There are 2 protein chains.
Amino acid sequence: MLTPYRKLTKRAKEIALVASASELLSWDLETYLPPKGVAFRADQLAHLSGHTHRLFTAKNVGDWISACEQSGFPADSDEAANVRQWRRIYDRATKLPTSLVEKFQRVQTHAREAWRQARQLSDFSRFKPHLAKLIDLNRRMADCWGFQESPYDALMDGHEPGARASQVRALFVELRPAIASILGPALERSARIPRDFLLGNYPIPAQQALNREVATAIGFDFDAGRIDTTTHPFCSTMGPADCRLTTRYNERDFTQSFFGILHEAGHGLYEQGLRAEHYGTPVGSAASLGIHESQSRLWENHVGRSPAFWAHWHPAVSRHFPELKRCSPEQVAAAVNRVAPSFIRVEADQVTYDLHIILRFEIELKLIEGQLAVADIPACWNEEFEKMAGLKVTKDSDGCLQDIHWSSGTLGYFPTYTLGNLNAAQLMHRAALDQPALESELARGQYGNLLSWLREKVHSRGQKWLPQELMQSATGEPTRSHYHVEYLRRKFAG
Amino acid sequence: MLTPYRKLTKRAKEIALVASASELLSWDLETYLPPKGVAFRADQLAHLSGHTHRLFTAKNVGDWISACEQSGFPADSDEAANVRQWRRIYDRATKLPTSLVEKFQRVQTHAREAWRQARQLSDFSRFKPHLAKLIDLNRRMADCWGFQESPYDALMDGHEPGARASQVRALFVELRPAIASILGPALERSARIPRDFLLGNYPIPAQQALNREVATAIGFDFDAGRIDTTTHPFCSTMGPADCRLTTRYNERDFTQSFFGILHEAGHGLYEQGLRAEHYGTPVGSAASLGIHESQSRLWENHVGRSPAFWAHWHPAVSRHFPELKRCSPEQVAAAVNRVAPSFIRVEADQVTYDLHIILRFEIELKLIEGQLAVADIPACWNEEFEKMAGLKVTKDSDGCLQDIHWSSGTLGYFPTYTLGNLNAAQLMHRAALDQPALESELARGQYGNLLSWLREKVHSRGQKWLPQELMQSATGEPTRSHYHVEYLRRKFAG
C-alpha cells in the first residue's frame, strides 16, 4: 500500500507525463503544424487538458492531501512544500463550479476573436461587451477562491502565489516618480545616438549561429533544449531535460532575435536548473511568473545590455556580422540601451517599460474593485499614458487594445513583469555582494559563478517557498523597488 | 442514451486524440528532440500507449461490439465494416494474456540492443539467444490468436488482415523464376550506364525545393502536411489534416531524397485521401501495409522511375541542378533504373528487390513452423542469397543482421513489401484500362486523374473491406504476380 504522499507523487508524475505531451502539442502548434491541422490540434489539447484536470481534481486527491496535512512532515521539507502547494492548486481548481468554468471558456473564445477584430480596426466598442463579461466572471471567480483584502489578490494568486494588490501598489507608488526622475537624463543621453544606428544587413543563419553561441556561453544546455522560430517568442518545457526557446528574426535588426534569445534563455536556464528528480511536483516547478521573469530580465538586461558585455562580445559578434566593425563596443551598448517613450509595451526600453505595467495594473485594479467602468477604459488609459509618457494615444490599437492578455480573461498577470524587473535587480545586487569577483567575471564573459549562484538561491528551490519567501531567503529582503531604481539611475542617469 | 455503435465511435475518436498525440511525440523523437530528452520521451510514450490500450480493451468495449454485431447493419455499410474491424483488433488485443505481452516487451527491449551490437560487430551469436526467445514468443502469440493453416497466418494478420502464408507462397513461387529470367537482360542493359553516372554536387536547399515541387505536383497537400529530415525516412499521420514525411539528404546524390520523398508522398497521398470525417475509426484508416506500400511504390517507381516522367521533369530538375543539363532525360531515366544485385535490401533496385523479400519470407516461415533452428539462419540465408543473387555474403551485417524488424520481434511484415509491389503494378494496369488517356497525361506531368482514380478505388475505402476484397473491387482480381512481372519484363527486358 502506498502512503497518501506516494499516491499524490505518483498521480502528479502521471499528470506531468500527459501535461508535457500537451506542451509539445502546443509548441508544435506554434512552430511546425501545417495550417489545416489547427482544428484537430485544438481537440487534442482540449481532450488532454480535460484528462489532466480530472486526474488532479478527483475526490481521492483531496483526501490524500488532507491525509498528508495530518502526517507531520517538517515544515521545511520538500514533502511539506509539495503538500502546501498541492492544497493551493487543488483548492483553486475545485472551488470553481463547473458551470462557471465552462461559461468562462465560452466567453473567452468569443472575446479573443472580438479582440483581434477590434485591434485591427482600432475599435474598442467591438471588444467592450466581451471584456465587460470577462471582468464580471473574474470577479465571480475571485469570490469563489476567496481573498482577504481585494478580489484582485485572488486573481494575482494564480500567477504570483501570495501576492497582494496593496503590496504591489506600494512598490509601484515608489517606482513611478523614481522612473520619472530618471527619464529626463536618460532621454538626453539617448539623443546622442541615432535611432537606426544599428540597422543593417544581418543574415538569419548568422543571427542563429551567434544566438546559439551566446546562449551556450551563459550556460543553456543544447543537449537538453533547442531554438526554433515563431511569430511570438516563448520558452516551453516538455520534460525534465527538454526546454525549447523560440524567437523571430529581422534581417535588418539582429538585436530583436539576439535579446529575444537572451531573454528566453534566461527562462530556459531557470527551467534547466529545476531539480529533475522532482519534475512534475511543485518543488520541481518554477516558483511564480514574477520569479521566472526575474531570470529572463536578469540575463537579457543586467548581463546582455551592459557595456561590459559588449566590450567582451564585440569581436565575436563582429565575426558573425562584419558590418558591426564600424561601431565601437561602447556605441553598440549605447544603441541597445536607447531610451524613448513609445506606445507599445513589448517595444519599450528598460526605463519606460514599467510605466506601461503600472498603467495596466491601476486600470485592472479599478475594474476589479468596481471603480472604473469598462466603457471608460480608453479615456482613462489615454489620459494616464499621456501623463506618464508624454505621448498622446490617437488610436486604441496603440493603447488599451494592444495586449492579448485581457482578451483571454487574464487579469493580475501584468504586475509580474515589473516584479520580474525588481527581483532581477535585487538578485543581481545580492549576487554581487556574495561574489565580489562577479563584475570582473562578467567583463571576461565568464557566467558560470553567476549561474551557480542563481541555481542555488533560486532555480533549485522550485516552489519550496512562496515567491516572497524565496526572495527573502535569496536576498535577505522581500521584493523592493529600491534596487531596480538604483540600477536604472546608475545606468541611465548616473 | 448513446447506442452501442455511437459509444464505440466516441471511444474510438477519444483514443485517436491520444494516439495521434503519441504520433507527434514519436515524430518529434526522430526529428527535433534534444538528446537528453529521450528517456522521458520513452516514459511519455509508454504512458499514453498504456492509456489507449486500456481505453480500447475495457470490458464494456467488448460488450458494445457484441451488441453491434446483433444490430443488423447492412454488410456493405460503414457501420458493419467498423464493427468487423473493431472485433478483429479487440480480439487480437484481448486474446493475449498480460503476462505474455509484458514478457514480449521486456525481451524486445533487450533484443533490440543486442541486435545493434551484433550488427555493428557482425556477430550473429550475440543476437541469437534473443531472436530464439522472440520466435518462441511469436509462436505462443500465434497460438493465442488462433489460425487455420499456419501460425504464420496469425502473425501476418496483424499487418495484412486476412493474408495466408499459403497464398503468399503461391505468389512468390511464380515470382522468383520470373525475376530470374528478367535479371539477365536487365543486367546487360545496365552495363551500358556507369554506376556513378549521376553523382555530383546537389545542395540540400535545391533538393528540398525540388522535392517539394514534385510532391506538390503529384498532389500532396502541404497545407495539411510537411517534410522534415530524419536518419530513417518515414510517413507519419497525427491528425486528419496533418501528415508528415521525412527524408535524408546526400549532397552527392539527389536521387536518395528525391525518390525517398516520392515514396513517402505516395504513403502521404493515401493518408490524405482517407475520409477525414471517419478519422480514428477503421473505415477512416488505411487498409493494410500491403495496400499502403502499393501507394508508395506506385508513385516512386511506376510514376517516378518511368522514362516519361524524366522526359517531362528534366527541364525543371535541371533548373534546380544545373549540372544535370549534361545528361539527356533518357540517360537520367536509365541511371535511376540501374540494376545490380547487392547485399542490402533497402538499397536494392526494382528487379532484385523482391528476391530479398522472398528470402526473408521463406526463412520466417520455416522458423515459425519449426523447420529451421535460429542457429542455422546465417548458413541458410547465405546459401539462398547466393543462389538468388549470385553474391557471396561474407559478413552477417550484410546478411541476416541487416534489418531491424526481427529485433523488434516483428514477423510476417516483410511479405507486405512485395505485396505492395504486386498491388502497385496491378492497380496501375487497371487504372490505365479505366483511363485510356492516362499514359499521355503522365507524359505531360498531369497526375490529377490518376490520383482521383486511386482516391476513389483505394484511399476513400479505408478498411471498408479486407485488403484482398479491396484489390478485387479495384482491379477485378485478388493480388496476382502477373502484372508486376509483366511490368518488370517490359521495363527491364523488353
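Trainee: Which residue of chain B comes closest to the rotation axis?

Mentor: Good place to start, and do keep in mind that this is a predicted model. Distances to the axis are taken at the C-alpha atom, and the smallest for chain B is 3.6 Å. The residue in question is Ala21(B).

Trainee: What kind of axis relates chain B to chain A?

Mentor: Let's look at the superposition. Chain B can be laid on chain A with an RMSD of 0.0 Å by a turn of 180° and a shift of 0.0 Å along the axis. That relation is therefore a two-fold axis.

Trainee: How many residues of chain B are in contact with chain A, and which element gives the largest share?

Mentor: On the chain B side, 28 residues are in contact with 28 residues of chain A. Two or more residues each come from helix H1 (4-31), helix H2 (38-57) and strand E1 (225-229) of chain B. The largest share, seven residues, comes from H1(B).

Trainee: What is the radius of gyration of chain A, and how does it sit beside the globule rule?

Mentor: Chain A comes to 20 helices and three strands. For its 494 residues the globule rule gives 23 Å, and the chain is close to that, so it is as compact as a globular protein of that length. The radius of gyration of chain A is 23 Å.

Conventions
Residues are numbered from 1 along each chain as its sequence is written. Chains are lettered from A and ligands numbered from 1 in the order in which they are written. This is a predicted model: local features need pLDDT of at least 70, side-chain atom pairs count only at pLDDT 80 or more; totals for chains, interfaces and linings use all residues. Two residues are in contact if their C-beta atoms, placed from the backbone, lie within 7 Å. Helices (H or I, at least four residues) and strands (E, at least two) are DSSP runs, numbered from the N terminus. Copies are superposed by least squares on the C-alpha atoms of residues with pLDDT of at least 70 in both. The radius of gyration is taken over C-alpha atoms; the globule rule is 2.2 Å times the number of residues to the power 0.38.
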